[in-house]
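Please look at the model below with its sequence beside it.

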Amino acid sequence: MTTDSSLKRGLAVLRLFAQHPSQDPRGHTAAEVAALLGRERSQVSRILRSLETARFLRRDPASLRYSVAWELYARAQQITEARLRRDGRTALEGVAADTGECAYLGVLRGASSVTILESMPPALSSFVSWVGRAYPAYCSDAGQALLFDADDTEVAAVFARTAFVRHGPHTPADLDDFLTRLNAARKRGYTIVDQEAEPGLYSLAAPVRDFRGEIVAAVQVVGPRRRLEPATAACADSVVRWSDWLTAALRSTDHETDEETDKKTDKETDKKTDGKSDRD
C-alpha cells in the first residue's frame, strides 16, 4: 500500500477491527469486512492481505478469518506513550496556568505512582523536580486516580505486599481505608488527597484514558493545603477538564477521509485488476 488512498483504505479496515469486534474469536472474513465497510470484496481482500503481510493482521489458516496481530497492539502502545508525553505537557501547562500551582502527570508502576512530566508556574520554578520519582500509590497524589477502574480484588492485588506506612496525618490506615476513599473519589469524579503523602500537602487528580478506554495516567495539581483547599472547586474543574482533553487527544486518529472519493477509487481499481479474493 504505497498511495495515499491505499493508506486511507488500510486505516479504515484497521479501525473497523477496533470498532466492530467479531463474534467469532478467530476474527472477520473478507466478506464480513467488505459488508461492514460497504466496499467491493475483491478490493477489501487485497487490503487484508497487505495488512497481513505488514503484520498488522493475522489470518487463521483453517477459517481464513482475520484478526488483529499483537504487533499492532505494540505499535499502538508506542504511539500512545509518545502522545502521552507530547500532549501531556500541553495539559499540564493548562492546569498550571489555570491554578497557578504545580501540575504533574503520573503513571502506575507496581504499587507506586511515578511522575513522568511536570509543569511549574514561573513563581514556583525553584521547586525540586519530581520527574522519575516513585511514591507509594496508597497515599500519593495520583494513586487513587490511577486505580479508578480497578475493582476491590485488583486493588488488593496491587497492594498485596505493601505496608501502609504513615507519611502524613491523613495517610490511609489500611486497604479498607484506601478503598473507602477510592469509592468516594469515583463518585466525585476526581480525587482529593489531603495531607496523605505529607503534612500540609493537598492535591487533586483525574484519570486519563487511552484509545482502549484504559487508564494510563493521571493529571494532578499539587500544592500547600492553605492555598489549594479553598480553591478545590476551581482546581477540580481544571484537572478534570484537562484530563478529558488529554484522553480525547490519545483517542484521536488524526485522519481526514473522503469516503465517497475512496469508494469511487475502489470501483475504478476493481475494474482494472483481476485480483483473487479470499473465501469466507
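By class, 14 nonpolar, 7 polar and 3 charged residues make up the lining of the second largest pocket, where Ala, Val, Leu, Ile, Met, Phe, Trp, Tyr, Cys and Pro count as nonpolar, Asp, Glu, Lys and Arg as charged, and the others, Gly among them, as polar. A pocket here is an open set of points on a 1 Å grid over the protein atoms alone where a 1.4 Å probe fits, with protein on both sides within 12 Å along at least five of seven lines, and lining residues have an atom within 4 Å of a point. The model is predicted, so local features need pLDDT of at least 70 and side-chain atom pairs 80 or more, whereas totals for chains, interfaces and linings use all residues. Residues are numbered from 1 along each chain as its sequence is written, and side-chain values use heavy atoms, without hydrogens and water.

The lining counts 24 residues, and Tyr104, Trp130, Asp141, Leu201 and Val222 lie nearest the centre of this pocket. Strands E3 (102-109), E4 (112-119), E5 (134-136) and E8 (215-224) each give two or more residues to the lining, and E8 gives the most, with 4; strands (E, at least two residues) and helices (H or I, at least four) are DSSP runs, numbered from the N terminus.

These strands belong to an open sheet of 6 strands in the order E5-E4-E3-E8-E7-E6, with antiparallel pairing, and two strands pair if DSSP finds at least two bridges between them. At its edges, E5 and E6 (191-194) each pair on one side only. Between E3 and E4, which run antiparallel, there are 7 bridges, and Gly106 stands opposite Thr115 in E4.

As for confidence, pLDDT (the predictor's confidence in each residue, from 0 to 100) has a mean of 86 for the protein, but stays under 50 over residues 254-266 and over residues 268-280. Where pLDDT is low, the predicted coordinates should not be read in detail.

Note on methods:
Contact means heavy atoms within 4.5 Å.
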